[in-house]
Amino acid sequence: MVAVRSVIYNVLFYLNLTVLLLVALVTLVLPHRAILKMAELWGRVSVWLLRVVCGTRVEFRGIEHLGGGRFKEPLIVAAKHQSTFETFALLHL
């Protein structure tokens with residue numbers, strides 16, 4: 001069953017990526033903020049797909065120490081890069 005869910009996730013992930021990339025072409029002529037919003041949408045949909053298809057939940061620990069969850073000051077987030085997961089999981093922060 002794990003292999004089936006993995007295949008389903010990968011098909012949906014790359015289909016979503018392709019569709020959003022085509023839609024995002026429009027953002028190339030828009031302000032930089034629009035490009036970031038498209039990247040954030042990609043991240044949110046990818047994490048949602050993981051939860052729905054694979055049952056994987058994302059948990060961020062320690063956000064409360066960064067200004068109550070709202071980033072008012074510049075900061076650096078350092079991911080351990082154990083996989084490509086954090087590439088899209090951290091986008092919506």
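α1 and α2 pack with their axes 10 Å apart, at an angle of about 165 degrees. The model is predicted.

**Exercise 1. Classify the relative direction of α1 and α2, then describe their contact.**

Step 1. Take the angle of about 165 degrees. Angles over 145 degrees count as roughly antiparallel. Therefore α1 is roughly antiparallel to α2.

Step 2. The crossing of α1 and α2 is right-handed.

Step 3. List the contact residues. α1 supplies Arg5, Ile8, Tyr9, Leu12, Phe13, Asn16, Leu17, Leu20, Val23 and Ala24. From α2 come Met38, Leu41, Trp42, Val45, Ser46, Leu49, Leu50, Val53 and Cys54.

Step 4. The contact holds 16 nonpolar residues, two polar and one charged.

**Exercise 2. Place the helix pair in the whole protein.**

Step 1. Count the elements. There are three helices and zero strands. In sequence order the pattern reads α-α-α.

Step 2. Get the dimensions. The C-alpha trace spans about 45 × 35 × 20 Å along its principal axes.

Step 3. Check burial. Of the 93 residues, 20% are buried.

Step 4. Check the range of contacts. Take contacts between residues at least 6 apart in sequence: 70% of them join residues at least 24 apart.

**Exercise 3. Which elements build the largest nonpolar core, and which gives the most?**

Step 1. Start with the core itself. The largest nonpolar core has 13 residues. Tyr9, Phe13, Trp42, Leu50, Val53, Cys54 and Phe88 have the most contacts inside it.

Step 2. Assign elements. Two or more residues each come from α1 (2-24), α2 (32-54) and α3 (85-89).

Step 3. Name the main contributor. α2 gives the most, with seven residues.

Step 4. Beyond four places in sequence, Leu50 touches Tyr9, Gly55, Thr56, Phe85 and Phe88.

**Exercise 4. Are Asn16 and Ser46 buried or exposed, and what do they touch?**

Step 1. Locate both. Asn16 lies in α1, and Ser46 in α2.

Step 2. Apply the cut-off. Buried means under 20% relative accessible area. Asn16 has 14% relative accessibility, so Asn16 is buried. Ser46 has a relative accessible area of 0%, so Ser46 is buried as well.

Step 3. Read the contacts, leaving aside neighbours within four places in sequence. Asn16 is in contact with Trp42, Val45, Ser46 and Leu49. Ser46 is in contact with Tyr9, Phe13, Asn16 and Phe88.

Step 4. Asn16 and Ser46 touch each other, and both belong to the contact between α1 and α2.

Notes: Residues numbered from 1 in each chain as written. Predicted model: local features only at pLDDT ≥ 70, side-chain atom pairs only at ≥ 80, totals over all residues. Heavy atoms only, no water. Core = buried A, V, L, I, M, F, W, Y, C linked by side-chain atoms within 4.5 Å. Buried < 20%, exposed > 50% of the residue type's maximum accessible area, 1.4 Å probe, protein only. Helix = DSSP H or I, 4+ residues; strand = E, 2+ residues; numbered from the N terminus. Contact = heavy atoms within 4.5 Å. Axes fitted to C-alpha atoms, helices over the stretch in contact; angles between N-to-C directions. Parallel < 35°, antiparallel > 145°, perpendicular 65-115°, else oblique. Left-handed = near helix turned anticlockwise from the far one by under 90°. Nonpolar A, V, L, I, M, F, W, Y, C, P; charged D, E, K, R; others polar.
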